[in-house]
Amino acid sequence: MPLPRVERKADGTLTVIEHLPEDAPACAGRIKAFHGQFALLVRALAYILALGGEGLKTMAGDAVLNANYMLARLAKGGATPAYPEKHCMHEFVLSDESLVGTGVTTMDLSKHLLDCGLHAPTNYFPLCVSGAFLVEPTESEPLERLNEFCDIVIEAIAAAKEGPEASRHLHEAPSHLPLRRIDEAAAARKPVLFCECANTAHGHKV
């Protein structure tokens, strides 16, 4: 854990540690699970305080506007909303109805987005939607970025409908990343959670 550290002494008082002794352990130890991811909580609190009440209201409105804009644009471009009769809040779900019979899957679309330098949406959730493609644009994304995402998905759906030759690149994606398609089921069932790396501060391996 980086310095400075705040530690509790035997008498219950707190002290700030700015320099570590040579025999200090290389690991801070276990962080209790109920604390959650502390850095994430600090980041969220800082964001809330920076925006203030009016800023939070504007931010929430922007997120909802972005999601509904993308939903409408994708629906017009050939994608299939899971709930076409409803407006969405900050996220929306597409089904794979527009891909039926093409051989192209939701996963193919997501891997293609990675090739294009975009973050892939959540796939196959919720489970009640066939081939679910859950998109959650953030409030901070500019219109150009939203349109870029929509253009890529619309073009991919058109390529899928055109035939196997036109959609070959979708099946092969990602082709521009160091790793290709990973066995995600095996990774979830048999995770490898060990990394051996040198701790330069104390010469330990963790």
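**Reading helices and burial in a predicted model**

Colleague: Which residue follows helix α3, and what is its phi?

Modeller: α3 is followed by G163, and the phi of G163 is positive, near 140 degrees. Helices here are DSSP runs of H or I with at least four residues, while strands are runs of E with at least two, and both are numbered from the N terminus. This is a predicted model, in which local features need pLDDT of at least 70 and side-chain atom pairs count only at pLDDT 80 or more, while totals for chains, interfaces and linings use all residues. Residues are numbered from 1 along each chain as its sequence is written, and side-chain values use heavy atoms, with hydrogens and water left out.

Colleague: What is the mean pLDDT of the protein chain, and where does pLDDT stay under 50?

Modeller: pLDDT is the predictor's confidence in each residue, on a scale from 0 to 100. The mean for the protein chain is 88, with 87% of its residues at 70 or more, but pLDDT stays under 50 over residues 202-206.

Colleague: How do I read the span of a helix, and what do α3 and α1 show?

Modeller: The expected span is 1.5 Å times one less than the number of residues. For the 20 residues of α3 (residues 143-162) this gives 28 Å, and the end C-alpha atoms are 28 Å apart, so the two values agree. A straight helix of 39 residues would span 57 Å, whereas α1 spans only 42 Å between its end C-alpha atoms. α1 also has a kink of about 105 degrees centred on G52, where the bend is the angle between axes fitted to the seven residues ending at a residue and the seven starting there.

Colleague: Which residues of α1 are buried, and what covers them?

Modeller: Buried means under 20% relative accessible area, exposed means over 50%, and partly exposed lies in between, with a 1.4 Å probe and protein chains only. The buried residues of α1 include G55, M59, L71 and L74, and their cover includes β3 (80-81), β4, β6 and α3. Just after α1, G78 takes a positive phi of about 115 degrees.

Colleague: Why does L94 count as buried, and which residues does L94 touch?

Modeller: L94, found in strand β4 (residues 92-95), counts as buried because its relative accessibility is 4%. L94 and L74 are 20 residues apart in sequence and 9.0 Å apart in space, C-alpha to C-alpha.

Conventions:
Contact = heavy atoms within 4.5 Å.
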